[in-house]
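Here are a few exercises to work through with the model open beside you. Try each task before reading its solution.

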Amino acid sequence: MRSARDYTDIIGGLLLIAGGTWFMLYSTGYSIGSLRRMGPGYFPMVIGGLVLLFGILVLLPGLFRAGQLPRPEWRPFLTISASILCFALIVERFGLIPATVALTLAAAVADNQSRILPTVILAAALSAVAVGVFTQGLGIPIPAIRWSY
């Protein structure tokens with residue numbers, strides 16, 4: 001069903017504006033500093049401002065363009081949310097690798113056309129990258145695999 005406005009872009013722009021505004025307001029609790037001597041609130045302020053600007057740039061054309069009314073797809077939304085919940089519940093008890101594998105497998109259910117072999121390869125690659133980046137690179141004390149709790 002066509003409408004006089006592109007509500008997909010309007011909703012997307014409003015969400016970007018809300019997110020950018022939240023970051024900008026959150027950063028005011030920290031010292032902003034200056035460009036030469038940046039404080040801890042400088043980066044969130046700048047990123048929030050850029051996200052807010054992009055939200056406006058997405059919103060404005062949507063107000064003057066016809067488009068389709070958005071139809072929410074609940075399966076991808078629910079499965080991605082469930083995959084994040086799986087990761088949160090598994091990472092502390094079983095480790096980073098099982099949590100990443102569970103996240104990837106649960107998120108793959110969101111796509112009707114996902115195949116098992118590419119998903120398993122992706123899960124293995126993401127697990128290796130996660131261990132490399134978080135435990136080795138950043139030194140975050142998350143065990144790769146925890147056998148007993």
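**Exercise 1.** By about how many helical turns are tryptophan 22 and tyrosine 26 separated in helix α1 (residues 7-27)?

*Solution.* Keep in mind that this is a predicted model. Tryptophan 22 and tyrosine 26 are 4 residues apart in α1, so about one helical turn separates them. An α-helix has 3.6 residues a turn, so residues three or four places apart point the same way.

**Exercise 2.** Classify the ring pair of tryptophan 22 and phenylalanine 23, then the pair of tryptophan 22 and tyrosine 26.

*Solution.* A search of the whole structure gives 4 aromatic pairs. For tryptophan 22 and phenylalanine 23, the ring centres are 5.1 Å apart and the planes meet at 85°; planes over 60 degrees apart count as edge-to-face, so this pair is edge-to-face. Tryptophan 22 and tyrosine 26 also pair, with 5.1 Å from centre to centre and 10° between the planes, and this pair is stacked. Finally, Trp22, Phe23, Tyr26 and Tyr30 belong to one aromatic cluster.

**Exercise 3.** Decide how accessible three of these residues are.

*Solution.* Tryptophan 22 has 49% relative accessibility, so it counts as partly exposed. Phenylalanine 23, at 39%, is partly exposed. Tyrosine 26 is partly exposed at 44%.

**Exercise 4.** Check the length of helix α4 (residues 96-108), then find what covers its buried residues.

*Solution.* At 1.5 Å a residue, the 13 residues of α4 should span 18 Å; the end C-alpha atoms are 18 Å apart, so the two agree. Buried residues in α4 include Leu96, Ala99, Thr100 and Ala102. Their cover includes α3 (74-94) and α5 (116-137).

How values were computed:
Residues numbered from 1 in each chain as written. Predicted model: local features only at pLDDT ≥ 70, side-chain atom pairs only at ≥ 80, totals over all residues. Heavy atoms only, no water. Helix = DSSP H or I, 4+ residues; strand = E, 2+ residues; numbered from the N terminus. Expected span 1.5 Å × (residues − 1). Buried < 20%, exposed > 50% of the residue type's maximum accessible area, 1.4 Å probe, protein only. Contact = heavy atoms within 4.5 Å. Phe/Tyr/Trp six-rings, centres within 6.5 Å; stacked < 30°, edge-to-face > 60°.
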